[in-house]
Each structure stands twice: as C-alpha cells, then as structure tokens.
2 protein chains.
Amino acid sequence: MKPTIRDVAKLAGVSISTVSRVMNAPDSVVESKRVKVLQAIERLQYQPNAFARGLIYKKSHTLGVLIPDIRNPYYAGVIRGMEDAAKSLGYSIIICNTDRDKERLISYLENCNEKQVDGILFTSETVYPDYYAEIRRFRLPVVLVSTHSLEYELPSVKINDEAAAYDAVSYLIGLGHRRIGMISLPLSDPIAGLPRYQGYMRALREHGLPHEGGQVIYAEHWYDEARSAAGRLFGQHPQTTAVFAASDEFAMGVLSFLHERGIRVPDEVSVVGFDNIRMSEMTIPQLTTMAQPVYELGYKGVEKLHRLIEHGSVTPLREYLPHSLIVRSSAAPGKGTQ
Amino acid sequence: MKPTIRDVAKLAGVSISTVSRVMNAPDSVVESKRVKVLQAIERLQYQPNAFARGLIYKKSHTLGVLIPDIRNPYYAGVIRGMEDAAKSLGYSIIICNTDRDKERLISYLENCNEKQVDGILFTSETVYPDYYAEIRRFRLPVVLVSTHSLEYELPSVKINDEAAAYDAVSYLIGLGHRRIGMISLPLSDPIAGLPRYQGYMRALREHGLPHEGGQVIYAEHWYDEARSAAGRLFGQHPQTTAVFAASDEFAMGVLSFLHERGIRVPDEVSVVGFDNIRMSEMTIPQLTTMAQPVYELGYKGVEKLHRLIEHGSVTPLREYLPHSLIVRSSAAPGKGTQ
DNA sequence: CTGAAAGCGCTAACAG
DNA sequence: CTGTTAGCGCTTTCAG
C-alpha cells in the first residue's frame with residue numbers, strides 16, 4: 001500500500017499533525033523534528049493523498065475542458081495554451097470532446113461536476129439555454145474560450161471575429177480586388193459564421209463595392225465541403241478574383257479546387273484564410289491568413305478561470321484578443337485594377 | 001453548499017446508509033423508501049462527492065496521458081481514440097504535454113500519482129530507465145501506446161514500424177522505382193527512426209537494389225527540416241525518382257521542395273508518406289501514405305490499461321496493430337523501367 | 001511548539 | 001431491510 005501520513009509520523013516518531021504541519025506550515029515546527037519528518041517522507045516516498053485533501057479543501061486543482069474535437073488543429077492549439085497555463089498555476093486538465101453534441105456535452109458537464117473540477121473551460125461552442133441551466137445548477141465557475149455569450153453574464157476570451165474578417169477582406173480590396181467571394185460557415189454559427197460574414201459584408205459596403213448579398217457560398221466545417229463550395233462559387237461568379245475563406249481548412253479546399261481547375265494562385269485568384277493553423281504555412285502556395293492568437297486564447301482562458309475561481313468574479317467580463325494578418329503567398333494584387 | 005448524503009437522508013426521512021444503498025445496491029431497499037430517496041436526490045440535485053468515494057475505493061476513474069505535444073495531429077488522433085474508449089469505460093482523461101522533456105515528464109508522473117490516477121498512458125516516447133524507475137516507484141499501471149519497450153515488461157500497443165516501412169518501400173519498388181531516397185528521423189529514435197530506416201533498407205536489399213547505406217537524409221520532426229533535407233537528398237542523388245518520408249509532415253516538406261523546384265509529382269518523382277494524418281488528403285497532390293490505425297491505437301491502449309487495472313496483468317503484453325497503405329496520387333510508376 | 005480529537009462525505013460491516 | 005458506527009487520509013481547532 002502507499003504510505004500514509006501515519007506511516008511517516010511513526011517513522012519520524014512524531015504525531016500526524018506534526019507531519020501535516022511540516023507540509024503546510026513548516027515554520028511552525030522545530031527544526032529537529034522537521035528534519036526527521038522530511039527524512040521519513042523521503043524514505044517512504046510519501047505523497048499526500050489528493051482525495052483526502054480534496055475532501056477538506058473542496059478543491060481538486062483540476063479543470064474540465066469542453067471542446068468539439070481535439071483533432072481539429074485549431075482546438076489542439078488552444079488546448080496546448082490551456083495546458084501550459086494550467087501547469088504553471090498548479091492545475092491539471094481533463095479533456096472532453098463534445099463533437100458539438102448536446103447530450104454528450106451535458107453528460108460531460110455532469111461528469112466534471114461529479115469529479116469536483118474547480119472550473120470549466122467551455123470552448124468554441126454556443127452557450128444554449130440548457131447548457132447555461134446546467135452550469136447554474138452546478139454552480140460551476142465557467143470561462144468561455146473562443147466563444148462568448150451576450151445573453152448570459154459569462155466571462156469569455158476570444159477575438160473580434162467581425163473586425164478580423166473585415167480586415168482580411170479590406171486587405172484583399174486594398175490589393176485591388178473587386179470581385180471577392182466568400183466561403184462561409186452557416187450563419188447559424190454565432191461565432192465563426194455570422195460575425196465573419198458580417199465583417200465581409202461591411203468591408204464590401206464601406207469600400208463601395210457591390211454587395212447585394214455578396215458572393216457567398218456556405219459550407220459545413222470540412223475540407224471536402226469547402227472544395228465543392230468553391231466549385232459553386234466559381235460556377236455562379238466566374239469573374240471572381242479573390243476568395244475569403246472562413247477558415248484555413250476552407251482555404252485549403254479552395255486551393256485544391258483551383259489547382260484542379262488549373263487556376264493559378266495567386267496569379268489568377270487570390271485566397272485568404274482564417275485562423276493561421278500551423279498547416280497554413282505548409283500549403284502550396286503558403287496561405288495568407290488572418291491569425292488568431294490560438295495559444296494565448298487558451299492560456300488567457302485558464303488565467304481568467306483561475307481568477308474567477310479565486311475571487312468569484314473577473315473583469316473585464318468579455319475580453320477580446322487582437323488578431324493579425326499573416327501575409328504569405330496566396331494573395332497578390334488584383335489584375336486590371338492596378 | 002452542495003448537498004451531501006446527509007441532506008438527502010434528512011429530506012427523505014431515512015438514514016444515510018439507506019441513501020448510500022439506493023445508489024449502490026438499489027435492490028436491497030424497499031421500494032417505498034427507495035422512491036423517497038430518489039425524489040430527494042432529484043430535488044436536491046444531489047451528486048455523490050468523488051473525493052469521498054475515492055478515499056474509500058482508492059479509485060479516481062481518471063487516466064493520465066503523457067504525450068509529446070497535442071498539436072501534432074498524429075497525437076491528437078491517438079488521444080481522441082483514448083478519450084472515446086475512456087468515456088465508454090467510465091474514465092476521464094488528464095492530458096500532459098511532455099515536449100519530450102525529461103523533467104517535464106517526470107513532474108507530470110508525480111503529479112498524476114498524487115492525483116491518484118488509476119493508470120498512465122505513456123505515448124510515443126522512449127521508456128528511459130529513470131522513467132521506468134518512477135513508474136515502479138509509484139506502482140502505477142502503465143500501458144505504452146505507439147511505443148514499446150523490449151527491456152521492460154510493459155504492456156504496449158503500436159504498429160510494426162519496420163514492416164510498415166518495408167511495405168511502403170516495396171510498393172515503390174513494385175511501381176518500378178530503383179532509386180528511392182528516404183527522409184528519416186534520427187536513428188536514435190527507437191520507434192519512428194530506426195525501425196522505419198531498417199524497413200527501408202530491408203526492402204532495398206531483398207529486392208536486389210543497391211543499398212550501400214541507401215539514400216538516406218535525416219531530419220528532425222518538422223516540416224521545414226524535411227524541406228531542406230529534401231534539398232540535400234536531391235543534391236546528393238539527382239537521379240532519385242521516389243522518396244519515402246518517415247512521416248506525412250516530412251512528405252509535405254518534400255512536396256513543397258519539389259514544387260518549388262518545378263519537379264512534378266508524381267510524374268517525375270513519387271512520394272510516399274507515413275501515418276496518414278488527416279491533412280494528407282488535403283495536399284496537392286493527395287498523399288499516398290502508410291496508414292497507422294491512429295484512433296484504434298488510442299482506443300485499444302485504454303482498453304488494455306483498463307484490463308491491466310482490473311486484473312493486474314494483460315496478454316498479449318506487446319500488441320501490434322496492422323498498418324495499411326493508402327494509395328492516393330503522389331506515387332506513380334517509375335519512368336524508364338516499365 | 002505539539003498531540004489528541006473532530007470531521008470533510010461516503011461506504012461497509014455489524015447489529016437489530 | 002435499515003440504522004449505527006467505524007474508518008478512508010488529511011487538516012485544523014483546541015488544549016497543554
């Protein structure tokens with residue numbers, strides 16, 4: 001069996017309270033005994049039992065991360081940031097892949113609650129009323145990462161998606177492009193869908209480009225879907241000279257479609273992605289993309305959650321990290337307008 | 001405060017043991033009381049405290065995953081398999097990114113031990129003597145995933161890397177290629193390095209190709225390094241018509257180099273990767289690659305660990321899952337030898 | 001400065 | 001079938 005505090009006490013010839021003290025308030029124990037205890041601890045390779053401590057402190061030093069799917073490189077980057085922050089603050093992280101499935105998510109929430117996690121990092125998902133209800137029910141400290149909620153008073157950290165999309169499209173316009181298509185996520189997605197679409201539309205509008213609905217084609221998350229969406233885009237709008245993709249994965253689908261059609265990037269068509277996942281510098285040509293501070297999002301999310309746990313509240317409630325355009329080789333000046 | 005078993009007992013008008021019983025052996029309680037208790041539980045939204053249970057059962061239903069870096073898509077895939085298996089077996093998973101750093105890894109090991117994890121999934125790393133010492137010291141059940149150990153009696157699940165590399169290279173040879181280069185990981189890597197190199201060499205040898213050392217260039221894990229390695233390969237061996245890359249990321253580096261040089265794939269040079277990460281079907285051209293059953297590796301790893309925890313031992317100790325070649329578009333028959 | 005004792009929330013004998 | 005009681009391993013008063 002693993003050694004307990006009693007074993008240490010016996011070996012050191014002191015009471016268990018003394019052992020406890022050398023671990024929690026070493027100064028309150030005379031040196032002679034302290035040394036004895038420390039030696040006993042070393043000899044027995046004693047480690048205090050986290051259950052017993054948890055029972056008293058009501059803290060597990062564990063955080064639950066709810067995230068759609070760790071295989072998505074964007075999420076993996078966020079988690080890495082979380083994990084580093086967690087380590088430096090003394091937390092461990094439990095991963096829960098939700099697949100954006102309601103039941104799955106709620107079952108994880110219950111699970112986390114039962115495991116006595118100190119808080120939850122709710123990542124990249126919409127906060128539906130029933131989720132919020134559960135959160136309240138369990139009185140769990142929650143921080144939203146890469147998502148936010150306008151209805152509920154939940155702390156969050158994300159970028160400003162609308163502004164980022166606006167900047168990406170403005171860049172393309174600045175390059176001289178007039179006919180800019182977009183491969184968008186469904187507008188029902190309140191984070192990566194609607195705001196990025198709105199940013200795109202605002203850029204067209206403010207720069208005086210025709211924008212009756214824009215040249216927007218919708219796709220659902222995956223590469224394949226973006227590829228066929230690109231087909232539809234160029235089918236409907238053959239004169240398109242630039243494409244703004246709502247994610248790097250979408251941009252890769254566009255690149256693939258264009259390559260297949262023998263359309264040269266960026267000579268004939270420019271492409272700008274979104275996220276700056278690592279893969280985006282491995283494409284041919286390398287992708288120009290709107291970068292999210294992926295790692296920081298996760299890192300700050302944990303720091304924020306930590307503050308929330310410690311103080312019961314945080315300011316600012318909703319935090320927006322800066323985005324930045326990474327200029328690589330997939331976008332070039334538009335032809336005939338220079 | 002969260003409700004305790006005592007609150008439930010009071011509300012239901014029974015003793016705490018009865019409450020405990022309806023949770024652990026419902027049949028041993030008369031219906032009338034059981035219903036009362038169940039109602040009380042529902043009303044109070046009672047959930048048993050995992051610390052208290054853990055203290056008694058000495059089980060946390062939590063598994064620790066030590067893995068180099070979750071951002072690597074290969075590892076992310078493995079973890080996803082682990083997580084699904086864990087969920088279905090009632091475990092949670094704690095992620096520990098080691099960065100292949102000794103101190104970091106050992107600190108996580110201690111951490112996991114203190115948190116009373118029920119077992120460890122040691123993934124894609126060499127088991128050095130000091131790691132093994134810690135494992136023994138903590139008497140932690142461990143399963144190696146995507147790695148194994150011939151020195152120590154540790155259960156493991158991985159593919160047969162030597163055979164997989166052999167098959168990949170044989171495929172290229174079958175396609176008529178005679179001058180096949182390899183971008184290898186350092187041979188000091190006993191999992192993805194040496195065995196894949198050996199498989200490559202054996203294929204050359206058994207098929208009667210010149211193999212005085214082979215045409216091997218070494219690189220360290222990353223895309224960039226593989227790209228420059230490809231430069232060296234073609235510098236030293238200009239007549240190379242096919243490249244076997246020790247990972248898909250390496251293969252992407254090769255693809256990038258070749259594209260930059262205007263060398264067409266697969267018309268002039270064929271490329272075969274290793275792993276079959278999702279991204280490999282998003283390259284241009286799509287990558288032909290030796291697939292590892294990534295998800296299954298993780299899934300089976302957890303199942304194995306579960307058995308180890310339950311029974312104290314498992315057979316077979318070292319398990320090897322099948323690999324399979326995924327033929328896509330980056331490899332074609334070699335010119336002039338058909 | 002130190003030990004005895006109470007108790008965190010739950011389970012598991014042990015009587016009844 | 002059910003309640004009482006003794007811990008699980010640790011921290012924390014409270015005396016001394």
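## Contacts with DNA strand D

A backbone N or O atom of I5(A) lies 2.4 Å from a phosphate oxygen of DNA strand D. This is a predicted model, in which local features need pLDDT of at least 70 and side-chain atom pairs count only at pLDDT 80 or more, while totals for chains, interfaces and linings use all residues. Residues are numbered from 1 along each chain as its sequence is written, chains are lettered from A in the order in which they are written, and side-chain values use heavy atoms, with hydrogens and water left out.

## The interface between chains A and B

Contact (heavy atoms within 4.5 Å) joins 61 residues of chain A to 61 residues of chain B. The area buried between the two chains, meaning the accessible area (1.4 Å probe) lost on being put together and summed over both, is about 5,500 Å², with carbon and sulfur atoms giving 54%. In chain A, F51(A), R80(A) and I284(A) lose the most area to chain B.

R80(A) also meets D69(B) in a salt bridge at 3.3 Å, N to O, where the term requires a side-chain nitrogen of Lys or Arg within 4 Å of a carboxyl oxygen of Asp or Glu. The count of salt bridges between chain A and chain B is ten.

Note on methods. Polar contact = N/O pair within 3.5 Å; in protein donor to acceptor, adjacent residues only side chain to side chain.
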